[in-house]
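User: Hi! Could you walk me through this structure?
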Amino acid sequence: MLALLNDFASYQSYLSSVVRFSSWCSNNFLHLNVSKTKEMCIDFRRNRTVISPIVINGEPVEQVDSFKYLGVILDEKLSFTEHVTAVQKKFQQRLHVLRKLRAF
C-alpha cells in the first residue's frame, strides 16, 4: 500500500479506504496475507509526522522505507538512488565475470 498523506483528513480517508478494501476482500472470499503486505508513506515535508501502522484483521502492517515493485526499487522520497545502486552493483558483478572470462 502506497500512501501520499498531506494532512489529517487525507490520513482518515486513507484509513477508511483500507477498511473498505479489507471488508471487500472478506465479502468476496479473498484472504489478505498481512504478513506479505507492506506500507510505505510518501512524505516530502521536512518534518515528517510519525504514522502508526495500520491494522488489518488484528495484525499490524509492516511499514517500510523502500520496496521493490515490478523490478524497480521505490523509496519514501521517490528518488531512485537505491535502485541505481542496486543496478550498478549487478553490473559490476557481471563485468567482473566477463573480465575473468577474457583471460581464458
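User: Which residue stands opposite Val72 in β7?
Analyst: Tyr69 does. Strands here are DSSP E runs of at least two residues, and helices are H or I runs of at least four, numbered from the N terminus. Before we go on, this is a predicted model, where local features need pLDDT of at least 70, side-chain atom pairs count only at pLDDT 80 or more, and totals for chains, interfaces and linings use all residues. Residues are numbered from 1 along each chain as its sequence is written, and side-chain values use heavy atoms, leaving out hydrogens and water.
User: Thanks! How many bridges join β6 to β7?
Analyst: There are 4, and the strands run antiparallel. Two strands pair if DSSP finds at least two bridges between them.
User: Which residue takes a positive phi in that hairpin?
Analyst: Leu70, with a phi near 55°; the hairpin has 2 residues between its strands.
User: Switching topic: is Glu76 buried or exposed?
Analyst: Glu76 counts as buried because its relative accessibility is 19%. Buried means under 20% relative accessible area, exposed over 50%, and partly exposed in between, with a 1.4 Å probe and protein chains only.
User: Where does Glu76 lie, and what does Glu76 touch?
Analyst: Glu76 lies in the loop between β7 and α2 (81-102). Leaving aside residues up to four places away in sequence, Glu76 touches Met40, Cys41, Ile42, Asp43, Arg48 and Asp65. Contact means heavy atoms within 4.5 Å.
User: And what about Phe67 in β6?
Analyst: Phe67 is partly exposed, because its relative accessible area is 22%. Its strand, β6, covers residues 66-69.
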